[in-house]
Amino acid sequence: MRWIRRTTTIGLTALAMVGPGSTWAQQPPDAAEQQIIDSAGFLAAHPDLDNRGRGWAAYKRGEYAEAMTYFRRGARYADKPSQGMVAEMLWKGEGGPRDPVLAYVWMDLAAERGYEGFTVLRERYWQALDGAQREEAVEKGQAVYAEFGDAVAKPRIATVLRRARMRMTGSRVGMTGNLRIEIAGPGGVPQSIDGSKYYSEKFWDPEAYQAWHDAVWKKPLEGRVDVGDVEQIRDTQPED
């Protein structure tokens, strides 16, 4: 495990990029892509986003035990925001006893790819631990990485994506032009969308899918640490 000092701070709960009703760190999808990401069929083939979305919905309702269950499920599929939310909940004692040691371990895991928002929080957690807690964190981290680290979690989500892609109609994959498909929208109402967007490589090819996540999360929007939403920092001039 590595520890990286950052100077920018941002609230994790404001970083959550979820499925339905999504809040994106940056590079938000267009309307057609958002329809795709919110659709039941898409989420069924993307357990990382599906469980993160369910976890975030439960979290906003104050149902923290349920939220933790979903975030841990999303974490098994290499979802760094889900891993970060597990860390944040452990740090605050939401849904169970407060555990700063395991909170640090989980935030270190969330920062595994160097996403700035998570490395910032990881460093803040680390600075709050004493020497004994730091030693405990290094020891406990081995088991967490063995189950949830990218070395095992990325192949897990890759298997799901490949299996889902194989169930598609092969002739449609990668097509452009006037291809239209119907997906179930809110309330199950069918919606017609651009098929070429639905079959985009970034949604189904494991490497492209991870690159897409990297592009979204590498350097999130800046704000101050807050339990709620991100508050943009603006320079103000003192009044005369």
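The model is predicted, with local features needing pLDDT of at least 70, side-chain atom pairs counting only at pLDDT 80 or more, and totals for chains, interfaces and linings using all residues. Residues are numbered from 1 along each chain as its sequence is written, and side-chain values use heavy atoms, leaving out hydrogens and water. Helices here are DSSP runs (H or I, at least four residues), numbered from the N terminus.

**α6 and α7**
- Helix α6 (residues 100-110) packs on helix α7 (residues 116-128) at about 155 degrees, axes 8 Å apart (axes are lines fitted to C-alpha atoms over the stretch in contact, with angles from 0 to 180 degrees between N-to-C directions).
- That makes the pair roughly antiparallel (an angle over 145 degrees).
- On the α6 side, Ala103, Tyr104, Met107, Asp108 and Ala110 meet Phe118, Leu121, Arg122, Tyr125 and Trp126 of α7 (contact means heavy atoms within 4.5 Å).
- Sorted by class, the α6 and α7 contact residues are 8 nonpolar, no polar and 2 charged (Ala, Val, Leu, Ile, Met, Phe, Trp, Tyr, Cys and Pro count as nonpolar, Asp, Glu, Lys and Arg as charged, the others as polar).

**α8 and α9**
- Helix α8 (residues 131-148) and helix α9 (residues 150-166) pack at about 20 degrees, with axes 5 Å apart.
- So α8 is roughly parallel to α9 (under 35 degrees).
- Tyr145, Ala146, Glu147 and Phe148 of α8 touch Asp150, Val152, Ala153 and Arg156 of α9.

**α4**
- Buried residues in α4 are Ala67, Met68, Tyr70, Phe71, Gly74 and Ala75 (under 20% relative accessible area, 1.4 Å probe, protein chains only).
- The buried residues of α4 pack against α3 (47-60), α5 (80-92), α6, α8 and α9.

Technical notes: Helix = DSSP H or I, 4+ residues; strand = E, 2+ residues; numbered from the N terminus. Parallel < 35°, antiparallel > 145°, perpendicular 65-115°, else oblique. Buried < 20%, exposed > 50% of the residue type's maximum accessible area, 1.4 Å probe, protein only.
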